[in-house]
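I opened this notebook to record what I looked up in one structure. The entries follow the order in which I made the look-ups.

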Amino acid sequence: MNFITRLSALCLRKSKMQHRHQSNRRPAAPLGSRILTDPSKVFEHNMWDHMQWSQEEEESAKKKAAENSLVKVQWEDQDKYEREASKYWNEFYKTHKNNFFKDRNWLFLEFPEILPEEKRQELRREERSSEHRKINSTNSFSHKNEMFDEGEKYWKKNYRGGSTAVQGCVYNKNQAETLSENPQGKNCGEELDRLESFPGSDATYRILEVGCGAGNSVFPILEVLCNTPGTFLYCCDFASGAVELVKSHSSYNSAWCSAFVHDVCDDALPYPFPDEILDVILLVFVLSTIHPDRMQGVVNRLAKLLKPGGMLLFRDYGRYDTAQLRFKKGHCLSENFYVRGDGTRVYFFTKDEVWNMFNLAGLTEVQNLVDRRLQVNRKKKVKMQRVWIQSKFQKPLLSLHNPEETTKRHPYK
């Protein structure tokens, strides 16, 4: 067994031990900390965090999901929803434009990794100088300081040296001396010359949002990154109507952002930039719209776009979310996969499934949580159990990924 193989096996064993430890403990600071301790006060706030389901509630949710899955959509219609997926989303954005979703200003609280280190430090200083500063009074999560601190500690620990990469060139400044001996590294200058023409080629920090929609993440990001030298944001959607909404927005600026139409399910379709140049990929409520059989291929392709050390940030619907339990019979396409009345589709994940997909793509877990909340309509006195999966996965600085190892049983089981 050579050194790399032994090192790979050691890293894998360490990772599994960490997974076992994390799976047995309750999530800490992230995702808010407004805990409902007195049921009589449930309607005093719109949202309660870290809800613990009783066994009865869990069984009731499983029963409802099983019942609404009994009658499946006819195969002919399922094929139509797959073939014409972009049409249904274009119709959605034509109808709702940019009025359906609220801007996701909470992104920087849950995912501080979106921002380059200098910008995070700047925002952190602002946060400390004013206890009353709020990014968004409606959507911001509680205990912002604790969440930001956690992100800062992780980032400083793992990215202190900074990173740059273009197709096999130097990935981490601290590794420059080692990687310069790599045959690929000898052609860095030629590679840089060849790639000068793509959008954002001069940037040193690049972000891609997949499934940008009408720009509800794009514009909060641009607002924070505005006039930050060396940053560039890519965003794509396979609904051309959504991309047009982004480009027509008054805050859109091609000097800082490139919006383009792209079908992430089409492996043969090239991106307007080379592989391994992205620092961050944002995948928020997007993967759930894709057919389960195609999800792994999408994740595999996205992983190739990340720099070694780059982060993929994920948030999506979790199993037995209220949205799943509300479906009527006849809307189920396959297990935990449904079609809405407007023809758009949605899947409901478990954190095991999420871990499997990203692990098979060669990414390492940084965070993988089930976010259970109680959402309240105080006016109508309605309570809704919300379930989301929030995850952060990192591309290893050195490629030690062994495809054979990933077929083993994952550590949550």
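Which residue in β5 stands opposite isoleucine 207? I looked this up in the predicted model and found valine 280.

Entry on the partner strand. I noted that β5 covers residues 278–284 and runs parallel to β2. Three bridges join β5 to β2.

Entry on burial. I then examined strand β2 itself, which spans residues 205–210. I recorded β2 as mostly covered, with six of its six residues buried. In a regular strand, side chains alternate between the two faces of the sheet. I therefore checked each side of β2 separately, with buried taken as under 20% relative accessible area. On one side I found Tyr205, Ile207 and Glu209 buried, and on the other Arg206, Leu208 and Val210.

Entry on the second pairing. I listed β3, residues 231–237, as a further partner of β2, paired in the parallel sense over six bridges. Opposite valine 210 I found cysteine 236 in β3. I followed the chain from β2 through helix α10, residues 218–225, to β3 and noted that this β-α-β crossover is right-handed.

Entry on a loop residue. I next turned to glutamine 74, which I located in the loop between α2 (55–68) and α3 (75–83).

Key
Residues numbered from 1 in each chain as written. Predicted model: local features only at pLDDT ≥ 70, side-chain atom pairs only at ≥ 80, totals over all residues. Heavy atoms only, no water. Buried < 20%, exposed > 50% of the residue type's maximum accessible area, 1.4 Å probe, protein only. Helix = DSSP H or I, 4+ residues; strand = E, 2+ residues; numbered from the N terminus. Pairing = 2+ DSSP bridges. Right-handed = clockwise from strand over helix to strand, strands pointing away.
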